[in-house]
Amino acid sequence: MRKCVATGEMKPKKELVRIVRSKEGEVSIDLTGKKSGRGAYLSKNKEAVLLAKKKNTLSNHLEVSINDSIYEELLELIEKEN
């Protein structure tokens, strides 16, 4: 079980998407869940992504500014799965 940083819900790892910050400070979406670096989990739903963007939750959790393209990529990923 992992906790969504936006909603605070505990969910199985498969229901979440991991966003990772590498040692170089690069932020990327980790679909495998195995990339090294600081990770944060988000629920695979549009509301959680928009909430994280609005409250800057990912930015605070990963201690780095998050580019809007990451949020757009997350939303596209969720659209494809549904």
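Trainee: How many helices and strands are there in the protein?
Mentor: This is a predicted model, and the protein in it has three helices and five strands.

Trainee: What pattern does the protein follow along the sequence?
Mentor: Read along the sequence, the pattern is β-β-β-β-β-α-α-α. The radius of gyration is 11 Å, close to the 12 Å that the globule rule gives for 82 residues, so the protein is as compact as a globular protein of that length.

Trainee: And what does the C-alpha trace span along its principal axes?
Mentor: The C-alpha trace spans about 30 × 25 × 25 Å.

Trainee: Let us turn to the strands. Is E3 mostly covered or mostly open?
Mentor: Strand E3, residues 16–21, is mostly covered, with five of its six residues buried.

Trainee: Which strands does E3 pair with?
Mentor: E3 pairs with strand E5, residues 38–43, in the antiparallel sense over six bridges. E3 also pairs with strand E4, residues 27–30, again in the antiparallel sense, over four bridges.

Trainee: Which residue of E5 stands opposite Val17?
Mentor: Val17 faces Leu42 in E5.

Trainee: And on the E4 side, what are the partners of Ile19 and Arg21?
Mentor: The bridge partner of Ile19 in E4 is Ile29, while Arg21 stands opposite Val27 in E4.

Trainee: What is there to see in the hairpin of E3 and E4?
Mentor: Five residues lie between the two strands of that hairpin, and Gly25 takes a positive phi near 95 degrees there.

Trainee: Now the helices. Where does Thr57 lie?
Mentor: Thr57 lies in helix H2, which covers residues 57–62.

Trainee: Does Thr57 count as buried or exposed, and why?
Mentor: Thr57 counts as buried because its relative accessibility is 15%, and the cut-off for buried is under 20%.

Trainee: Which residues is Thr57 in contact with, beyond its neighbours in sequence?
Mentor: Leaving aside neighbours within four places in sequence, Thr57 is in contact with Val5, Ala6, Leu51 and Ala52.

Trainee: What about Ser59: where does that one lie, and is it buried or exposed?
Mentor: Ser59 lies in helix H2. With a relative accessibility of 15%, Ser59 counts as buried.

Trainee: And what does Ser59 touch?
Mentor: Not counting residues up to four places away in sequence, Ser59 touches Val64, Ser65 and Ile66.

Trainee: How far apart are Ser59 and Val27 in sequence and in space?
Mentor: They are 32 residues apart in sequence, and their C-alpha atoms are 9.9 Å apart in space. Val27 is the E4 residue that stands opposite Arg21.

Trainee: Back to the whole protein. What share of the residues is buried?
Mentor: Buried residues make up 38% of the 82 residues.

Trainee: What share of the contacts comes from residues 24 or more positions apart?
Mentor: Among contacts with a separation of 6 or more, such residues account for 49%.

Key
Residues are numbered from 1 along each chain as its sequence is written. This is a predicted model: local features need pLDDT of at least 70, side-chain atom pairs count only at pLDDT 80 or more; totals for chains, interfaces and linings use all residues. Side-chain values use heavy atoms; hydrogens and water are left out. Buried means under 20% relative accessible area, exposed over 50%, partly exposed in between (1.4 Å probe, protein chains only). Contact means heavy atoms within 4.5 Å. Two strands pair if DSSP finds at least two bridges between them. The radius of gyration is taken over C-alpha atoms; the globule rule is 2.2 Å times the number of residues to the power 0.38.
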